[in-house]
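Please describe the two protein chains shown below in plain terms. Cover the layout of each chain, the nonpolar core and the charged side chains.

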Amino acid sequence: MTSDVNVPTQADLPSLPRDEDGPVFDEPWQAQAFAMTVWLHEQGHFTWPEWAEHLGAEIAAAVGEGDPDLGDTYYLHWLKALETLVAEKGLLTAGALADRKEAWDRAAHATPHGQPIVLPPDA
Amino acid sequence: MADHTEHPEHSHLSDTDLRVRALESLLTEKGLVDGEALNAIVDTYENKVGPRNGARVVARAWVDSEYRAWLLRDGTAAIDSLGYASTQGADIVVLENTAEVHNMTVCTLCSCYPWPVLGLPPALYKSFPYRSRAVKDPRGVLREFGQDIPEDVEVRVWDSTSEVRYLVLPERPAGTEGLDEEALAELVTRNSMIGTDRLKGNNG
């Protein structure tokens, strides 16, 4: 092998995260949900088949409830599967997640439009 | 408090955004994730993995017959040898398209996908109608992608699982004899490696 594989760097792809088939993530939260899952898996908190099973179950349930599943809801299923799996694995409780979600909502309401939203220290 | 005369607006986060923030902030506090690591993962998958890794695997197989034989025999090892290790513990099986056989891949269960070589799944792969129709009527789906597969070419559909992912090795287009490996990799599209596209030669 004369040269190492030439992986493109960010400098080669300066614009939006897009390849010839469209954007990779539609919204930042999708990227965050994706990355958390990959990281927790890499850290050994669950196996990939376990993850695939949870994601598959969420998708199947949504389709059963009438979601036409056109791809636009994929990361919503992903997020729900992740919430379920972290609770099952005892990493977080569903209650803690719900409380923290409320805290973020209050923080958003208390933040003037256009300013960064931060959680108060006692959240 | 900010001035409320013009825009009496506070911030609003969508329900989904709130859920993601709740997860991330709690997991961070417990030391289970950290922002730097998450950013690195996003950057890797958005900018570095993409379908280019797969394209380089395909181009290598086109120019190096020994590599090609290895790739078809043991796709996981041959792909790992180029530095694209699977992080998901799934084997990658490479399917060779020929004049007689056209392969396409799908996952009817949960959009399993060979990320290490193809990056993140395209929207169509996440779509239930695509997944189910690809199995029932592959020629019809291919026609919608502008690929009229001749009747004498057999179409094979491969359903991925969480343990096995598939990568299609497309046929090398005609008229590319003079191209080097890097130029060849430029010709390979993601959809050709899923099997919804066939590559056209430079000379038509």
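## Chain layout

Read along the sequence, the elements of chain A follow the pattern β-β-α-α-α-α. That makes four helices and two strands in chain A. Helices (H or I, at least four residues) and strands (E, at least two) are DSSP runs, numbered from the N terminus.

This is a predicted model, in which local features need pLDDT of at least 70 and side-chain atom pairs count only at pLDDT 80 or more, while totals for chains, interfaces and linings use all residues. Residues are numbered from 1 along each chain as its sequence is written, chains are lettered from A and ligands numbered from 1 in the order in which they are written, and side-chain values use heavy atoms, with hydrogens and water left out.

Chain B has 10 helices and four strands. From the N terminus on, the order in chain B is α-α-α-α-α-β-β-α-α-α-β-β-α-α.

Burial is stated as relative accessible area: buried means under 20%, exposed over 50%, and partly exposed in between (1.4 Å probe, protein chains only). Of the 123 residues of chain A, 42% count as buried. In chain B, buried residues make up 53% of the 204 residues.

## The nonpolar core

A nonpolar core is a set of buried Ala, Val, Leu, Ile, Met, Phe, Trp, Tyr and Cys residues joined through side-chain atoms within 4.5 Å. The largest one has 44 residues, and the members that touch the most others are Phe34(A), Met36(A), Leu40(A), Trp51(A), Trp78(A), Leu23(B) and Leu27(B). At least two residues of this core come from each of H1 (28-42), H2 (48-64), H3 (74-88) and H4 (94-109) of chain A, and from each of H1 (15-29) and H2 (35-49) of chain B. H1(A) gives the most to this core, with nine residues.

Ile117(A) sits in the segment after H4 of chain A. This residue counts as buried because its relative accessibility is 15%. Ile117(A) and Asp105(A) are 12 residues apart in sequence, and their C-alpha atoms are 9.7 Å apart in space.

## Charged side chains

Side chains of opposite charge can pair when their charged atoms come close. A salt bridge is a side-chain nitrogen of Lys or Arg within 4 Å of a carboxyl oxygen of Asp or Glu. Over all chains, the structure holds 12 salt bridges.

| Salt bridge | N to O distance |
|---|---|
| Arg21(B) and Asp17(B) | 3.5 Å |
| Asp148(B) and Arg143(B) | 3.5 Å |
| Arg156(B) and Glu154(B) | 3.0 Å |

Arg21(B) and Asp17(B) are separated by about one helical turn, because they are four residues apart in helix H1 of chain B. Arg21(B) is partly exposed at 26% relative accessible area, and Asp17(B) is partly exposed at 23%. Asp148(B) is exposed, with 54%, whereas Arg143(B) is partly exposed at 47%. Salt bridges also link Arg133(B), Asp137(B) and Glu144(B) in a network.

Glu100(B), Glu151(B), Asp152(B) and Glu171(B) gather in a surface patch of negative charge. Patches are made of residues with over 30% relative accessible area and no salt bridge; like charges are joined within 9 Å, and nonpolar side chains (Val, Leu, Ile, Met, Phe, Trp, Tyr) within 5 Å. One of the patch members, Glu171(B), lies in the loop between strand E4 (164-169) and helix H9 (181-187) of chain B. Glu171(B) counts as partly exposed, at 38% relative accessibility.

Key. Accessible areas come from the Shrake-Rupley method with a 1.4 Å probe; for residues, only the protein chains shown count as cover. Lys and Arg count as positive and Asp and Glu as negative; His and the chain ends are not counted. The place of a charge is taken as NZ of Lys, CZ of Arg, CG of Asp or CD of Glu.
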